Amino acid sequence: MIALALFNNKGGVGKTTLTYHLAHMYQRLGVRVLAVDLDPQANLTSAFLNEDDLATLWGEPESPAWQQHRPPLFDVVSNKVTEHVGTVAQSVHPIMEGLGDVTHFAPVKVAPGLSLVPGDLELSAFEEKLSDAWPRSFPGNDLAAIRTTTAFHRIIREAAASTEAQLVLIDVGPNLGAINRAALLAADSVLMPLAADLFSLRGLRNLGPTLRDWRTTWQDTIRDKIPSKIPSPAGMMTPLGYVIMQPTMRLDRPVQAYRRWLERIPSVFETAVLGESAPTAHSSEKSFEIATLKNYQSLMPLAHDARKPMFELRSADGAIGSMQSYVQRCYQDFKKLAIEVAERLDRLGVSEPIGLR
């Protein structure tokens, strides 16, 4: 199993959309996938589940996740959420209350070979607990702090084992807070969705040094002191590359307003994310640019309504006439992206090769 986080310090670049579609594409390609929603906004969870499932899962309106008992709404008709399923917030509830370690719940089975560890808006309450635990983890003798810092890793590890997942896709929020630090520590690699604008470049400049600092602190200061009885992540967070999301295109070429930002991304990625002291002669080769995903125009609102990926839309979903050509192009673009990402992950050598069908 290999874990890939999709992360950018800039929000609104299509990170969750990319995670959702990659999860479905890999499932189509015969890969056992576990999607993990560690963004307290829980947008990935709401993309996978309908409102009845969400109401059952989150126990609305009377049962917040931090309460002692499970939500009492299982009489609601639900296709995917069973009494054995729980959110990440419910998993870390014992830690929040100082009552013990994480509770492991069954992931939601979205489709054969595709499962979900669902998120919860109440996960945001875990931020302060993680912030407090981080410095107390340094000596290696505060087991409560270490259990808190490694909670996400152990939840993912158990869920991946129970679903025999080959690939874990982790969706996180657009910030550099304690929740994301713990989430990214659990990732073997990081894929960065970008928009071709100034804000994404600023996001790269922020997250690159921060990732290196988290990795160095974890690997050099903390990890070797953790007792072997507590499974701990390697904290690799290896940058895999970036995907340009939905640039405005004209005649298959970016408009002038975005061109200058597109051209700067390779050198900023090399210096800020990879930590090179200065751009090299290879900076213009865009070796870390994995793909540019075009704007699929009106497919996204149809996909939201149909609750399915854009590349699975049919005429009955409203994708009629020329829109079917966009559906086919979308399918080919995501298939090509999934293959390229899998090949790059395989080259990291941290797990068995991802076998695409």
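Two strands are said to pair if DSSP finds at least two bridges between them. Helices (H or I, at least four residues) and strands (E, at least two) are themselves DSSP runs, numbered from the N terminus. The structure is a predicted model, in which local features need pLDDT of at least 70 and side-chain atom pairs count only at pLDDT 80 or more, while totals for chains, interfaces and linings use all residues. Residues are numbered from 1 along each chain as its sequence is written, and side-chain values use heavy atoms, with hydrogens and water left out.

Eight strands form an open sheet with mixed pairing, in the order β3-β4-β2-β5-β1-β6-β7-β10. Its edges are β3 (108-111) and β10 (289-293), each of which pairs on one side only. Direction ignored, neighbouring strands are turned by 25° against each other on average.

Strand β1 (2-6) can be followed residue by residue. It pairs with β5 in the parallel sense over five bridges, and it also runs parallel to β6, joined by three bridges. Leu4 stands opposite Leu169 in β5 and opposite Ser189 in β6. Both faces of β1 are covered: Ile2, Leu4 and Leu6 on one side, and Ala3 and Ala5 on the other, are all buried (under 20% relative accessible area, with a 1.4 Å probe and protein chains only; exposed is over 50%, and partly exposed lies in between).

Next comes helix α1 (residues 15-28), which lies across β1, β2, β3, β4, β5, β6, β7 and β10 and runs at about 165° to β5. Contact here means heavy atoms within 4.5 Å, and angles run from 0 to 180 degrees between N-to-C directions, with axes as lines fitted to C-alpha atoms, for helices over the stretch in contact. Twelve of the 14 residues of α1 are buried, so this helix is largely enclosed by the rest of the structure. Among the buried residues are Leu18, Tyr20, Leu22 and Met25. After α1 comes Gly30, with a positive phi near 85°.

The axes of α9 (residues 178-185) and α10 (residues 198-222) come within 11 Å and cross at roughly 65°. In this contact, Asn180, Arg181, Leu184 and Leu185 of α9 meet Leu211, Trp214 and Trp218 of α10. These residues divide into five nonpolar, one polar and one charged, where Ala, Val, Leu, Ile, Met, Phe, Trp, Tyr, Cys and Pro count as nonpolar, Asp, Glu, Lys and Arg as charged, and the others, Gly among them, as polar.
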